[in-house]
Amino acid sequence: MTGDNSQNNVPTVLLRTEGEVDEETLVYARTKIDAVLGRPELPAVAGEVRITRASVHHAERPWSATAAVHVGRHEVVVLAEAATGQELVDRLQDRLRRQTEKATHAGRDGHRAAPPWRGGSGAPRPADIGDRDDRTADPHPV
């Protein structure tokens, strides 16, 4: 999970563990995290994923994970909890994928303009005009 981002876009993500995390869960986690963060269309990726297994036997969800990675200029933070290691890794993968998609698509064309109270004009960009449904458009000027 470590590499040189400048050469071949391999993510530099450190996988750390706390508690009794078995080797099978670690291999599964590396595979799933690499599948999300090692995609060629992503910008440079660097950060850390921490998997923890609580030693308390009465805990309902003894497995937890925290991922803090930079995807290009954007920071992605993901938290997950689960009853088993595999379930935890699956949740972590889903959330990482969803958040990296949001981060990589932020600011691209096709997104709506910021509303006026956030400093934008409130008018849709040309790419958004075709997406509007004329039946729900308000014909009255604001």
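Mentor: Leaving out residues up to four places away in sequence, Leu-96 touches Ile-33, Val-36, Leu-37, Ala-67, Val-69, Val-76 and Val-78, where a contact means heavy atoms within 4.5 Å. What you see is a predicted model, in which local features need pLDDT of at least 70 and side-chain atom pairs count only at pLDDT 80 or more, while totals for chains, interfaces and linings use all residues. Residues are numbered from 1 along each chain as its sequence is written, and side-chain values use heavy atoms, with hydrogens and water left out.

Leu-96 belongs to the largest nonpolar core, which has 26 residues, and together with Ile-33, Leu-37, Val-49, Ile-51 and Leu-92 it touches the most other members. Such a core is a set of buried Ala, Val, Leu, Ile, Met, Phe, Trp, Tyr and Cys residues joined through side-chain atoms within 4.5 Å. Two or more residues of this core come from each of β1, α2, β2, β3, β4 and α3; helices (H or I, at least four residues) and strands (E, at least two) are DSSP runs, numbered from the N terminus.

Thr-100 is found in α3 and is buried, with a relative accessible area of 0%; buried means under 20%, exposed over 50%, and partly exposed in between, for a 1.4 Å probe and protein chains only. Not counting residues up to four places away in sequence, Thr-100 touches Val-36, Leu-37, Arg-39, Val-71 and Val-76. Gln-93 also has its place in α3 and is buried at 11%, and, with neighbours within four places set aside, it is in contact with Lys-32, Ala-35 and Val-36. Arg-98, another residue of α3, counts as partly exposed because its relative accessibility is 48%. The C-alpha atoms of Arg-98 and Val-78 are separated by 9.8 Å, although these residues stand 20 residues apart along the chain.

Four strands make an open sheet with mixed pairing, in the order β1-β2-β3-β4, and two strands pair if DSSP finds at least two bridges between them. β1 (12-18) and β4 (74-82) stand at the edges with a single partner strand each, so one side of each has no neighbour in the sheet. On average, and with direction ignored, neighbouring strands of this sheet are turned by 10° against each other.

Helix α2 (residues 23-37) packs on this sheet, where it touches β1, β2 (45-53) and β3, and its direction makes about 150° with that of β1. Helix α3 (residues 85-105) lies across β2, β3 and β4 and runs at about 155° to β4. Axes here are lines fitted to C-alpha atoms, for helices over the stretch in contact, and angles run from 0 to 180 degrees between N-to-C directions.

The pairing can be followed strand by strand. β1 and β2 are parallel and share seven bridges, with Val-13 having Gly-47 in β2 as its bridge partner. β2 and β3 pair in the antiparallel sense over nine bridges, and Arg-53 stands opposite Trp-63 in β3. Strand β3 (residues 63-71) is in turn joined to β4 by nine bridges, the two running antiparallel, and Ala-65 has Ala-80 as its bridge partner in β4.

Seen as a whole, the protein has four helices and four strands, which follow one another from the N terminus as α-β-α-β-β-β-α-α. Of its 142 residues, 25% are buried. Among the contacts with a separation of 6 or more, 47% are between residues 24 or more positions apart.
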